[in-house]
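Biologist: I am new to this model and would like to go through it slowly, one part at a time. Please put the structure up first.

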Amino acid sequence: MAAQKDLYDAIVIGAGIQGCFTAYHLAKHRKRVLLLEQFFLPHSRGSSHGQSRIIRRAYPEDFYTQMMAECYQIWAQLEHEAGTQLYRQTGLLLLGMKENAELKIIQATLSRQGVEHQCLPSEELKQRFPNIRLARGEVGLLEKSGGVLYADKALRALQDAIRQLGGIVHDGEKVMEIKPGLLVVVKTTSRSYQAKSLIITAGPWTNRLLRPLGIELPLQTLRINVCYWREKVPGSYGVSQAFPCFLGFSLAPYHIYGLPSGEYPGLMKVCYHHGNNADPEERDCPAAFSDIQDVHILSCFVRDHLPNLEPEPAVMEHCMYTNTPDEHFILDRHPKYDNIVIGAGFSGHGFKLSPVVGKILYELSMKLMPSYDLTPFRISRFPCLGKAHM
């Protein structure tokens, strides 16, 4: 048993963006918190690394758009506390055919929630963004507050803030065993700790921690290709040219998204919102055939829609996604142990929502009334949940 000095109000496993914001909210409320990370920080093994992410209010679901209102406030607060820019407003351009159902639903959600946006018919779209080549019948929906989050700076700012608020961050410590109880005992490669509550935000490694606790969530881990494309004229797709982030619907089986050039000078990030099944421990294995197919889909999109980019990727990196079947998050307590809280299934759109996700996980861990209706995020929505009893 760990010594009394190692008793925490909460232990958070996983120092990605969700775990960091959870620890941040706990530390802000003067809770004794330990944030554990299996790799040495910073690292690129999970889902939160890299320099940039899209931030937006544009969602088909009202609940995400509502959550984003508070997220923008907390991002601004963190930016102020850190004294460094974490968000750049570029606008977000949604591209799709005029009759695209998802585009219409998002427009209705933005209108209902009072979010500033503008519908751009083909001709106006061509005038506003001449370096986008449109397919016949394609229209745009411009959400003004969309933009870029500086992901690596945000993680660093949060980890610094946690320490300044009295929280403890231990990296390079892999969790080997979790013993449930009134006090949860967490054994790592270095030592044992105990806490009144435990929050698991371990991304692709979530089920490895949960299986010994008698539950396996329906999580799919995917390896995503993060592709950067060279500008034929440097800066032509940059923020200095007022080029927005974009999200393309109905242009391929899955969404295609892009961010203005900036991370790498002269390169624009354009990615496919899908990947291939991968074990997080084997993410650096050689590319699968489906990887090559995904890059081919992107090359065709770049060639047809972004004529001022070279149609072959100049740089290709990898990232892990962890998806649920309905692509909504899991924010809930363990069905058997109510002092163990689980946050999972964030991939592809979790980074921007992490300020509120962290707040909710803090509230669940402290047995407080959640700030939001958690019905869409309950484990019980998966009726065929397979139990993995030891």
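Biologist: In which sense do S3 and strand S8 (residues 147–150) pair, and over how many bridges?
Modeller: This is a predicted model, in which local features need pLDDT of at least 70, side-chain atom pairs count only at pLDDT 80 or more, and totals for chains, interfaces and linings use all residues. Residues are numbered from 1 along each chain as its sequence is written, while side-chain values use heavy atoms, with hydrogens and water left out. Strands are DSSP runs (E, at least two residues; helices are H or I, at least four) numbered from the N terminus, and two of them pair if DSSP finds at least two bridges between them. Within S8, Val148 is the bridge partner of Ile54, and S3 and S8 pair in the antiparallel sense over four bridges.

Biologist: Which strands stand at the edges of the open sheet?
Modeller: The sheet has three strands in the order S3-S8-S4, paired antiparallel. Neighbouring strands are turned against each other by 25° on average, direction ignored.

Biologist: At about what angle to S3 does helix H2 (residues 62–82) run, and what angle does H5 make with S8?
Modeller: Angles run from 0 to 180 degrees between N-to-C directions, with axes fitted to C-alpha atoms, for helices over the stretch in contact. H2 lies across S3, S4 and S8 at about 140° to S3. H5 also packs on the sheet, where it touches S3 and S8 (contact means heavy atoms within 4.5 Å), and its direction makes an angle with that of S8 of about 45°.

Biologist: How are H1 and H5 directed relative to each other?
Modeller: H1 and helix H5 (residues 151–164) pack with their axes 9 Å apart and at an angle of about 30°. Among the residues making this contact are Phe21, Tyr24 and Ala27 of H1 and Leu158 and Ile162 of H5. Angles under 35 degrees count as roughly parallel, over 145 as roughly antiparallel, 65 to 115 as roughly perpendicular and the rest as oblique, and H1 and H5 are therefore roughly parallel.

Biologist: Is Ala27 buried or exposed?
Modeller: Ala27 is found in helix H1 (residues 17–28), and beyond its neighbours within four places in sequence, it is in contact with Val33, Ile162, Leu165 and Gly167. Buried means under 20% relative accessible area, exposed over 50% and partly exposed in between (1.4 Å probe, protein chains only). Because its relative accessibility is 3%, Ala27 counts as buried.
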